[in-house]
Amino acid sequence: MSDAGLPQALRPAVRTAALMENLSRYRARANRAQAVVAEGRLVRMVGLTLEAEGCQISVGGRCRIVCPGGHGVEAEVVGFSGERTFLMPVGEVSGLTPGARVVPIRHNHDVQVGDALLGRVLDGSGRPLDGRPPPRCDDHVSLNGRSVNPLSRRPIHDPLDVGVRAINGLLTVGRGQRMGLFAGSGVGKSVLLGMMTRYTTADITVVGLIGERGREVNEFVQNILGAEGLARAVVVAVPADHPPLMRLHGAMLATSIAEYFRDKGHDVLLLMDSLTRFAQAQREISLAIGEPPATKGYTPSVFAKLPQLVERAGNGDQGNGSITAFYTVLAEGDDTNDPIADAARAILDGHVVLSRRIADTGRYPAIDIESSVSRVMNDIVDPGHIQVARRFKQVYSHYQQNRDLISVGAYQRGSDPRVDEAIVLQPRLEQYLQQDMRQSVNFKESLKALDHLMETPPPPPVPEARMKQQRS
């Protein structure tokens with residue numbers, strides 16, 4: 001714009017306005033320009049660990065490894081050493097070549113959440129597995145959750161009906177409690193988990209199937225949840241054949257979804273199968289990048305990740321919602337003192353132990369009452385209930401301590417009145433603990449049956465002479 005025809009006094013103002021207009025145009029063009037990205041190259045691959053040089057990206061960021069022909073593999077930064085960056089692939093790694101371009105990409109750890117997730121089956125990235133279009137959600141939450149001030153958490157006051165008589169009566173669970181299901185392979189933990197999925201009184205159920213067999217995913221959705229249960233549930237499934245990073249993300253995604261519905265005021269039941277597979281996935285990652293093992297191959301970062309995940313469940317500080325969580329813990333070789341089982345027992349609010357010996361006798365659910373405990377039971381039930389449950393455990397324990405003597409006929413009736421009572425009541429105790437997987441027993445029925453069992457006087461013992469006559 002020429003200022004030749006303008007008065008001398010106006011020319012500086014016009015020149016300034018033109019300069020500001022040009023600066024605004026250049027600024028807008030600069031804002032639209034893409035930032036310079038420092039690309040790297042792939043220099044090493046050992047197992048599932050990828051090493052790149054030249055990248056400038058923080059831990060937790062994502063990269064795309066561009067292979068010849070345009071094929072790309074997405075990976076996440078899990079560590080670094082000097083000039084090298086350690087990556088862990090999110091999907092398949094076939095087709096990678098030495099020197100492939102490693103391009104940082106924009107990625108945030110927010111996940112889409114909303115009511116549209118109900119009735120859906122997702123993978124660890126939130127993509128649908130049920131063949132339906134992706135859910136449209138307007139809200140976003142962090143995959144890593146948010147920290148809650150421990151003094152702001154609401155205390156656990158109300159019992160939760162899980163539909164299992166033995167747990168309702170003897171190991172009462174509170175709304176907002178975090179429990180562990182400790183069991184070896186093949187003793188019925190998945191069946192017990194399915195019973196609680198169907199019968200627990202909760203608004204919404206979030207299921208995380210982490211690192212388990214792929215066959216069990218469809219069976220859980222079709223047979224255990226069913227159409228009615230799936231309508232108020234969200235399933236996050238990451239089978240064992242997925243990379244360890246996706247197994248970690250699957251557990252974190254399920255917890256983030258549960259947190260969202262809790263903060264909306266819903267009572268959420270979170271079922272995680274299993275916490276052991278989550279720990280094993282973190283072990284695979286940490287060992288691959290060179291972290292030294294501490295206990296039975298588990299690295300220190302594993303024991304740091306466990307409480308970070310578990311502490312996100314429970315009662316929150318917003319609204320009246322809650323997350324009651326059940327985490328299955330696989331006791332390898334039926335060893336309940338396995339490092340992960342021992343660590344989980346310390347950070348959870350109680351544990352239910354399933355015994356292979358009990359399962360071999362045909363009694364299901366195979367709950368070992370002597371080894372199980374609910375740490376909040378004394379705070380959420382009345383003193384009468386506590387007293388009756390305690391007496392049940394005492395009578396049951398007396399029989400178990402003398403079981404071998406009783407079985408071989410070495411115990412003489414009348415030697416100990418407590419053992420005599422336990423022998424007479426044992427069939428009724430076993431009947432109380434046994435429950436068909438298709439049967440639901442609510443909290444009131446469980447307590448009523450327990451009161452009736454322990455208040456009714458036992459039948460008189462069979463005289464010793466008659467017992468000998470019957471044996472002969």
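Good morning. I begin with a contact between two helices: Leu275, Phe278, Ala279, Gln282, Arg283 and Ser286 in helix 6 meet Ser301, Val302, Lys305, Leu306, Leu309 and Val310 in helix 7. Sorted by class, the residues of this contact are seven nonpolar, three polar and two charged. Please keep in mind throughout that the model before you is a predicted one.

For helix 6 and helix 7, the angle is about 140° and the axes are 9 Å apart. An angle over 145 degrees would count as roughly antiparallel, and one from 65 to 115 degrees as roughly perpendicular. Helix 6 and helix 7 are therefore oblique to each other. Their crossing is right-handed.

Helix 5 covers residues 244–263 and helix 6 covers residues 275–288. These two helices pack at an angle of about 140°, with 8 Å between their axes. Helix 5 and helix 6 are therefore oblique to each other as well. Which hand does the crossing of helix 5 and helix 6 have? Helix 5 passes helix 6 in a left-handed crossing.

The residues that meet here are Pro244, Leu245, Arg247, Leu248 and Ala251 from helix 5, and Phe278, Ala281, Gln282, Glu284 and Ile285 from helix 6. In this contact there are seven nonpolar residues, one polar residue and two charged residues. I would draw your attention to Phe278 and Gln282 of helix 6: both take part in the contact with helix 5, and both take part in the contact with helix 7.

Let me turn to the loops on either side of helix 6. Ser274 is found in the loop between strand 15, residues 267–273, and helix 6. The peptide bond from Asp273 to Ser274 is cis, with omega near 10°. In the loop between helix 6 and helix 7 lies Lys296. This residue is not a glycine, yet Lys296 has a positive phi of about 50°.

Another cis peptide bond runs from Tyr364 to Pro365, with omega near -5°. Pro365 is placed in the loop between helix 9, residues 356–360, and strand 19, residues 373–374.

Helix 11, residues 383–401, packs against helix 13, residues 417–433, at an angle of about 110°, and the axes are 8 Å apart. Angles of 65 to 115 degrees count as roughly perpendicular, so helix 11 is roughly perpendicular to helix 13. The crossing of helix 11 and helix 13 is left-handed. Among the residues of helix 11 in this contact are Phe392, Val395, Tyr396 and Tyr399, and among those of helix 13 are Ile423, Leu425, Leu429 and Leu433. By class, the contact of helix 11 with helix 13 has 10 nonpolar, three polar and four charged residues.

My last topic is empty space. Rolling a probe the size of a water molecule over the atoms shows where empty space is left.

How many cavities of 30 Å³ or more does a search of the whole structure find? The search finds one. The largest cavity holds about 30 Å³ of space. Its lining consists of Leu160, Arg175, Thr200, Ala202, Asp267, Val268, Leu269, Ser322 and Thr324. Strand 15 and strand 17, residues 322–330, are the elements that give two or more residues to this lining. Strand 15 provides the largest share, three residues. The lining of the largest cavity is made up of four nonpolar, three polar and two charged residues.

The largest pocket, for its part, has a volume of about 470 Å³. It is lined by 23 residues, and those closest to its centre are Asp110, Val111, Gln112, Ser125 and Gly126. Which elements each supply at least two residues of the lining of the largest pocket? They are strand 7, residues 110–113, and helix 5. The lining of the largest pocket divides into 11 nonpolar, eight polar and four charged residues.

To close, I return to helix 5. This helix packs against helix 6, and helix 5 also supplies residues to the lining of the largest pocket. Thank you for your attention.

Conventions: Residues numbered from 1 in each chain as written. Predicted model: local features only at pLDDT ≥ 70, side-chain atom pairs only at ≥ 80, totals over all residues. Heavy atoms only, no water. Axes fitted to C-alpha atoms, helices over the stretch in contact; angles between N-to-C directions. Helix = DSSP H or I, 4+ residues; strand = E, 2+ residues; numbered from the N terminus. Parallel < 35°, antiparallel > 145°, perpendicular 65-115°, else oblique. Left-handed = near helix turned anticlockwise from the far one by under 90°. Contact = heavy atoms within 4.5 Å. Nonpolar A, V, L, I, M, F, W, Y, C, P; charged D, E, K, R; others polar. 1 Å grid on protein atoms, 1.4 Å probe; cavity = no way out; pocket = protein on both sides within 12 Å on 5 of 7 lines; lining within 4 Å. Points joined across faces, edges and corners; volume = space filled by probe spheres on them.
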